Amino acid sequence: AAAGAALARRPWLSEARQAEREAIERLLRGESWPRRAVAIMRLERYGCDASRQRLTDALKDGDWQARVFAIRALARRGDSIDGALLAEETEPRVIRAALRHRAPVDASRVGRGARVLARSSNLEDKMLAVELAAAAGDEELQELARETARQLILKMHRVEPGVLSPRLAAVTGQRNLRRHYHWQEWLMKRGRRFDVRPAFA
């Protein structure tokens with residue numbers, strides 16, 4: 001009811017100035033995903049079925065970044081996201097966005113993807129595995145998230161924490177430690193006794 005009331009207070013796309021509507025349509029047809037993302041962010045302000053349909057269509061965009069923006073926009077509007085629209089999604093970063101915004105995603109698919117990413121030697125893949133497994137709401141996957149986070153921390157060197165440290169902080173509830181050796185010292189003190197949690201948006 002609250003979501004419906006919030007949408008009711010939003011203007012309709014048909015009420016927007018013609019120049020605004022034309023700009024949105026032009027951006028949606030843009031060749032680069034950042035232009036389409038700008039259109040998606042503009043559509044977020046409206047509350048009508050027409051704007052929702054354009055955002056739902058954006059869930060099929062060819063670039064994963066635009067699909068992430070569409071999930072974010074729908075969630076911020078208070079719109080529910082039909083799990084069937086995500087049934088064919090294979091990009092883990094889009095699945096991560098869906099989980100962060102509490103969209104329905106099949107837990108078995110999340111588990112399969114998280115396990116594949118956890119076996120990768122790439123630390124970005126491992127971080128994605130931690131984020132997916134932590135958000136899945138499954139105890140077995142929580143253990144996978146903890147073990148993968150432990151491996152990631154042990155393998156981090158000087159460069160990686162710039163990208164990975166804030167994300168580790170979000171899923172462990174620890175402040176951003178910024179340096180790989182600070183994370184490794186933290187892990188030595190905690191061992192396996194640390195929690196992981198969803199990094200909800």
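Arg-102 sits in the loop between helix α6 and helix α7 (107–118). This is a predicted model, and in it Arg-102 has a positive phi of about 60° although it is not a glycine. Why is that worth a second look? Most residues other than glycine have a negative phi. Arg-102 is also exposed, because its relative accessible area of 57% is over the 50% cut-off.

Arg-178 is found in the loop between α10 (161–172) and α11 (180–190). Its phi is near 70°, again a positive value in a residue other than glycine. Arg-178 counts as exposed, with 56% relative accessibility.

| Residue | Relative accessible area | State |
|---|---|---|
| Arg-102 | 57% | exposed |
| Arg-178 | 56% | exposed |
| Ser-51 | 0% | buried |

Now for the serine in that table. Where is Ser-51 placed? Ser-51 belongs to helix α4, which covers residues 49–58. With a relative accessible area of 0%, Ser-51 is buried, since buried means under 20%. What does Ser-51 touch, once its neighbours within four places in sequence are left aside? Its contacts are then Leu-43, Tyr-46 and Arg-77. There is also a polar atom of the Ser-51 side chain that lies 2.9 Å from the backbone oxygen of Cys-48.

Next, let us look at a pair of helices. Helix α5 (residues 64–77) packs against helix α6 (residues 92–100) at an angle of about 5°, and their axes are 9 Å apart. That angle makes α5 roughly parallel to α6, because angles under 35 degrees count as roughly parallel. Which residues meet here? From α5 come Trp-64, Arg-67, Val-68 and Ile-71, while α6 brings Arg-93, Val-94, Ala-97 and Ala-98. Sorted by class, this contact has 6 nonpolar, no polar and 2 charged residues.

Finally, step back to the whole protein. How many helices and strands does the protein have? There are 11 helices and 0 strands. The C-alpha atoms fill a box of roughly 60 × 35 × 30 Å, taken along the principal axes. Of the 201 residues, 45% count as buried. The accessible surface comes to about 11,100 Å², and 49% of it belongs to carbon and sulfur atoms. Among contacts with a separation of 6 or more, 55% come from residues 24 or more positions apart.

Methods
Residues numbered from 1 in each chain as written. Predicted model: local features only at pLDDT ≥ 70, side-chain atom pairs only at ≥ 80, totals over all residues. Heavy atoms only, no water. Axes fitted to C-alpha atoms, helices over the stretch in contact; angles between N-to-C directions. Helix = DSSP H or I, 4+ residues; strand = E, 2+ residues; numbered from the N terminus. Parallel < 35°, antiparallel > 145°, perpendicular 65-115°, else oblique. Contact = heavy atoms within 4.5 Å. Nonpolar A, V, L, I, M, F, W, Y, C, P; charged D, E, K, R; others polar. Buried < 20%, exposed > 50% of the residue type's maximum accessible area, 1.4 Å probe, protein only. Polar contact = N/O pair within 3.5 Å; in protein donor to acceptor, adjacent residues only side chain to side chain. Areas by Shrake-Rupley, 256 points an atom, 1.4 Å probe, with all protein chains shown as cover.
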